[in-house]
Amino acid sequence: MQFRTKAIHVGNARDPQTGAVVPPIHVASTYVQPGAGEWGEFDYSRSGNPTRKNLETTLAALEAGTGALAYASGMAAIHGAMMLLESGDHVVAGSDIYGGAYRLLHKICNRSGVTTTLAPSSDLGALEAAITPQTKMLWIESPGNPQMSISDIAACAEIAKRHHLLLGVDSTFATPVLTRPLELGADIVMHSATKYLGGHSDVLGGALVVNDKSLYDRLYFVQNATGAVLGPFESFLVSRGLKTLELRVREQCRTAQKIAEFLDADPRVSRVLYPGLPNHPGHEIAARQMDGGFGAMLSFEVNGDFAATKKVAESTRLFQLAVSLGAVESLIEQPASMSHASYDRDARLAHGIRDELIRLSIGLEAFEDLRDDLDQALGA
Amino acid sequence: MNDPNRVPLDVSDLGFSTSSVQAGEARQKPESAITDPIFCASTYTFTDTASVIRYIEENEEREEYGRYGNPGEKIAEKKLAALEGGEDAVLYSSGMAAIVGLLMAKLNAGDEVIFFDECYHRSREFCSKHLARFGVVTRQVKACDYDAMEKAINKNTKMLVSESPTNPHLSVVDLEKFAAIGKKHGVETLIDATLATPYNVRPLEYGVDYVLHSATKYLAGHNDLLAGVIIGSKAQLESVRKLRGIMGGINSPHNIYLLLRGLKTFSLRMERHNQNGQAIAEFLESHPKVEKVYYPGLPSHKYFDIAKQTMRGFGGLITFLVKDADWRKTADVIDAVKIPRIAPSLGGVESLIEQPLVMSYYQLAPEERAKFGIYDNMIRMACGIEDAEDLIADLKQALDSI
Ligand SMILES: Cc1ncc(COP(=O)(O)O)c(C=O)c1O
Ligand SMILES: Cc1ncc(COP(=O)(O)O)c(C=O)c1O
């Protein structure tokens with residue numbers, strides 16, 4: 001079965017009682033048991049919920065995994081993965097991981113005696129050099145944010161194998177439509193389902209997918225014990241979103257590619273960061289690792305200072321000024337004043353986040369309309 | 001500029017996908033949220049007596065009581081009107097509620113309505129059984145027989161009605177001709193364009209007065225809600241909206257949110273429904289066990305020329321006849337498919353399949369069914385947005401199995 005057919009049918013079996021073509025939303029918090037000490041498939045909704053399970057079944061199929069867990073947010077999912085670690089363990093994380101993951105590792109996990117070293121995951125030598133005898137996990141993101149840096153997941157997986165580490169990949173930007181990290185040797189693939197999986201800017205959610213039963217069991221134990229499960233309504237909305245995931249992502253990639261090329265040719269733009277452009281440092285790996293598209297996130301630098309850049313970001317009519325990404329509506333933001341404003345300027349610059357950087361999340365609007373909108377905003 | 005503004009974007013010059021995502025929605029929404037909230041309230045408060053009086057005297061635009069409307073409904077109506085190129089839209093709790101709402105608003109005892117005979121059987125039933133009780137006369141003429149339609153018009157005729165494409169024969173109406181007959185005789189025209197959707201054709205552009213959709217189908221698109229809508233001019237819809245407030249067939253805020261969410265991917269889904277419909281119709285036509293395929297995108301279709309002239313694509317609904325098969329052998333094909341589910345309805349992401357004889361016309365005698373063009377070996381398939389290869393492989397194994 002092809003990807004899209006799976007997204008529509010796996011995990012969405014016809015309801016056995018009513019024949020409903022869309023499974024019901026199970027809101028019950030508890031389930032009546034066949035007998036004292038005899039347990040049915042579901043007992044309590046934190047431990048398992050039919051609507052959440054349907055979503056997890058679909059996600060596992062789409063990521064070529066054997067088990068998936070749905071969480072209340074992307075951060076809850078990352079936290080769930082990090083709870084596999086114990087005091088004294090060490091994590092090597094990509095230097096451009098999502099800011100929330102950075103905060104979790106440095107401000108929360110550190111309290112339990114888990115230490116972290118950041119290394120650029122697109123530089124395999126540097127990544128491997130950061131590994132210590134205490135290292136238990138590699139955590140990377142590809143494409144990374146906001147440079148759209150590309151990590152070679154298969155090569156990272158080899159490093160992880162060699163050092164007996166778990167490799168976790170935050171694949172939020174790539175989606176299973178474009179990249180399936182488990183097939184490339186990763187142990188855990190993670191999503192902020194808030195983004196493309198849900199796809200409509202109307203749910204917060206997260207997911208982990210694995211293809212190893214014992215790893216699944218360990219993650220399930222943590223999730224059940226700590227409780228950050230995805231609610232039934234949200235599970236339904238993400239499942240509904242998955243049905244159009246491939247259509248959306250492929251269309252968004254096609255538009256992003258054309259927008260990147262348009263910006264790249266525009267003299268008002270000094271640099272475009274998009275893995276689909278041959279001048280992007282990760283282009284070759286991306287062409288190998290991403291199936292038929294380079295994602296729908298891109299960044300660019302305008303010829304101008306902080307204020308001029310801010311003006312461009314504030315002048316669009318279709319692109320809305322907001323953080324987050326991955327939805328049907330196109331969004332625009334200036335990392336220096338928005339997503340990365342909490343970094344001091346030197347730290348930002350060290351991460352390559354210059355004042356004139358703008359990040360776009362390409363939605364489903366027509367390419368011509370988005371292009372015209374950027375064109376007028378750049379001239380504003 | 002990203003100026004706080006509460007009016008929807010003018011999408012008249014923008015692409016269809018842009019309209020699907022953004023039309024009808026204020027740029028600046030409550031709490032600056034990127035999506036509109038779901039207002040569940042059944043009633044809306046006034047600050048003081050003066051504001052109630054102002055509302056009544058000045059016809060101020062605001063909410064009053066849930067049966068008369070809710071904020072989500074207004075957004076959905078604006079989006080649907082924009083997609084259809086119409087001035088106004090009235091949303092209902094189902095397609096049938098919309099048909100009933102329009103006809104009840106427009107027809108009085110003694111009035112007559114003329115239908116092209118290929119149509120959703122419940123629309124027919126409402127007119128012939130229920131409008132009749134109120135003294136409204138329904139006349140049916142053969143689908144796409146414009147002369148017969150014109151001949152049937154008399155001084156009492158108030159409405160000409162057709163689907164396009166029709167269900168399940170996929171006959172395509174020459175909208176220009178249809179609208180012209182109405183104009184010539186001063187009779188209003190209604191097209192149920194559920195099967196076409198505004199992605200493929202916009203009947204208002206041809207001079208039709210009202211477009212109706214079972215939004216349950218492609219517009220919502222996920223087989224998970226019921227909705228209906230009528231689109232037309234503000235003046236012509238005023239009485240329709242008023243009657244809705246009395247009859248009460250308004251849609252619920254939760255449903256409307258799902259409808260709006262479905263509309264965001266409408267353009268994308270339709271493109272795929274069209275591609276799948278065309279590919280599968282072509283496959284079926286080439287299969288030795290298929291006697292005939294009804295699909296407007298096939299040159300063999302009776303209405304191919306007019307369809308080609310007026311439609312951007314031909315949708316996901318296909319009807320076909322299995323060669324040398326009685327009703328049971330035909331049912332075997334349906335029972336053998338693995339991906340499409342056996343169910344009525346159409347227009348959702350999941351493919352559905354059914355045998356009209358069994359699903360909708362089981363109670364009728366064979367002669368009656370034949371009169372409606374419903375044959376024992378007829379199958380209706382509503383292609384979803386799965387991969388066409390998967391659907392074709394599935395249909396192939398099912399047909400080969402008999
Ligand atoms: C790449 C990436 N990972 C993780 C997250 C965190 O997900 P959430 O916001 O759903 O907790 C985000 C989103 O903000 C993200 O962009
Ligand atoms: C062409 C057509 N018109 C109207 C309807 C009635 O719509 P609903 O089922 O939403 O009431 C249907 C579907 O059932 C239909 O197929």
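Reader: How do you know that the length of helix α3 (residues 71–84) of chain B agrees with what a helix should span?
Author: At 1.5 Å a residue, its 14 residues should span 20 Å, and the end C-alpha atoms are 20 Å apart, so the two agree. The expected span is 1.5 Å times one less than the number of residues; a helix is a DSSP run of H or I, at least four residues, numbered from the N terminus. This is a predicted model, in which local features need pLDDT of at least 70 and side-chain atom pairs count only at pLDDT 80 or more, while totals for chains, interfaces and linings use all residues. Residues are numbered from 1 along each chain as its sequence is written, chains are lettered from A and ligands numbered from 1 in the order in which they are written, and side-chain values use heavy atoms, with hydrogens and water left out.

Reader: Why is α3(B) called mostly covered?
Author: A residue is buried when its relative accessible area is under 20% (exposed is over 50%, partly exposed in between; 1.4 Å probe, protein chains only). In α3(B), 11 of the 14 residues are buried, among them B:I75, B:L80 and B:L83.

Reader: What reaches the backbone nitrogen of B:G72 at the start of α3(B)?
Author: A side-chain oxygen of B:N70 does, to within 3.1 Å. Just after the helix, B:G85 takes a positive phi of about 70°.

Reader: What makes B:R261 and A:D202 a salt bridge?
Author: The rule asks for a side-chain nitrogen of Lys or Arg within 4 Å of a carboxyl oxygen of Asp or Glu. Here N to O is 2.7 Å, so the pair qualifies. Between chain B and chain A the rule finds five salt bridges. The contact (heavy atoms within 4.5 Å) takes 38 residues from chain B and 43 from chain A.

Reader: How many Å² do chain B and chain A bury between them?
Author: About 3,700 Å², 52% of it on carbon and sulfur atoms. Buried area is the accessible area (1.4 Å probe) that two parts lose on being put together, summed over both. B:I34, B:R261 and B:R341 supply 20% of the area that chain B buries against chain A, more than any other three residues.

Reader: Where are the bounds of domain 1 and domain 2 of chain A?
Author: Domain 1 is 3–242 and domain 2 is 246–378; such bounds come from an automatic or database domain assignment. Their centres, taken over C-alpha atoms, are 26 Å apart.

Reader: Why is A:D152 with A:R288 called a salt bridge?
Author: Their closest N and O atoms are 3.7 Å apart, so the pair meets the salt-bridge rule. Across the interface of domain 1 and domain 2 of chain A, two salt bridges are found.

Technical notes
Helix = DSSP H or I, 4+ residues; strand = E, 2+ residues; numbered from the N terminus. Polar contact = N/O pair within 3.5 Å; in protein donor to acceptor, adjacent residues only side chain to side chain.
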